[in-house]
Amino acid sequence: MSEPVTHELRFHRDAVGADGLPLGARPAVRILYVVDGTVTLASPGGGWPERLGANEATLGTAATTVVAVNGHATVLRWELLPAGAEAADGPPSLTGSLSLTDHDGYLVRCDRVDFPPGGVALLHTHQGPGIRCLLRGRLRVETEGGVSTIEPLEPWYERGPEPVFAAASDREDTSFARVMVLPRRLRGQPSIRYVRPEDRDKPKSQRYTVFVDEPIVLPGAA
């Protein structure tokens with residue numbers, strides 16, 4: 001019997017202008033990552049930094065308005081909400097259904113993964129679900145018997161327990177940003193597990209930059 005869906009992780013790709021993108025107060029955990037440009041965050045109640053530049057990310061729950069400093073910025077937005085919550089800030093590009101029932105709690109992690117030309121992520125799983133978005137290059141993702149070629153600014157969802165193999169472009173650097181919901185005990189620890197024992201000690205081509213790795217209170221929790 002499948003576990004009940006309790007929450008949704010929704011992904012948005014926002015083109016932010018000088019007129020601003022208002023994000024209302026509601027029971028959500030939000031991650032913002034700036035792809036290009038610089039934005040300010042006008043938050044009367046606080047809880048957000050005042051400014052974010054390219055390749056920076058932040059976590060918040062309060063209402064805010066995101067404004068592009070020079071008239072345009074591309075912002076990736078992830079929102080963790082109770083399942084079935086109204087899409088108050090526009091329809092998402094991608095939604096992942098989550099079953100979050102661990103009473104020991106969760107954290108949300110936002111990081112960036114970089115591959116050199118020809119880099120690979122050996123067959124692996126993760127200890128929690130997440131949505132990725134390619135920033136540059138190209139990535140071939142093999143999982144659950146299927147193969148997908150991911151293009152820049154295209155998102156994809158990984159549930160976590162299914163084995164995944166990924167191969168980056170052999171002509172250019174490849175990078176993606178991701179947000180995962182993980183057991184709180186993994187704070188500061190890798191979430192990846194290699195499927196084949198012989199792969200665990202092999203040199204790895206991917207590099208990680210962690211922006212957010214914080215315990216959360218699940219939206220809608222009593």
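Me: Which strands each supply at least two residues of the lining of the largest pocket?
Reply: In this predicted model, those are β9 (94–98), β11 (120–126) and β17 (174–183).

Me: And where does the largest share come from?
Reply: From β17, which gives three residues to the lining of the largest pocket.

Me: OK, how many residues line the largest pocket, and which lie nearest its centre?
Reply: The lining has 22 residues. Nearest the centre you'll find Glu3, Ser99, Pro129, Arg159 and Pro161.

Me: What's the volume of the largest pocket?
Reply: About 450 Å³.

Me: How do the residues of that lining divide into nonpolar, polar and charged?
Reply: For the largest pocket, 11 are nonpolar, seven are polar and four are charged.

Me: Switching over, how much space lies in the second largest pocket?
Reply: About 180 Å³. The second largest pocket is lined by 13 residues, and the closest to its centre are Arg109, Gln189, Pro190, Ser191 and Tyr208.

Me: Which strands supply at least two residues each there?
Reply: For the second largest pocket, they are β10 (106–115), β17 and β19 (207–216).

Key:
Residues numbered from 1 in each chain as written. Predicted model: local features only at pLDDT ≥ 70, side-chain atom pairs only at ≥ 80, totals over all residues. Heavy atoms only, no water. 1 Å grid on protein atoms, 1.4 Å probe; cavity = no way out; pocket = protein on both sides within 12 Å on 5 of 7 lines; lining within 4 Å. Points joined across faces, edges and corners; volume = space filled by probe spheres on them. Helix = DSSP H or I, 4+ residues; strand = E, 2+ residues; numbered from the N terminus. Nonpolar A, V, L, I, M, F, W, Y, C, P; charged D, E, K, R; others polar.
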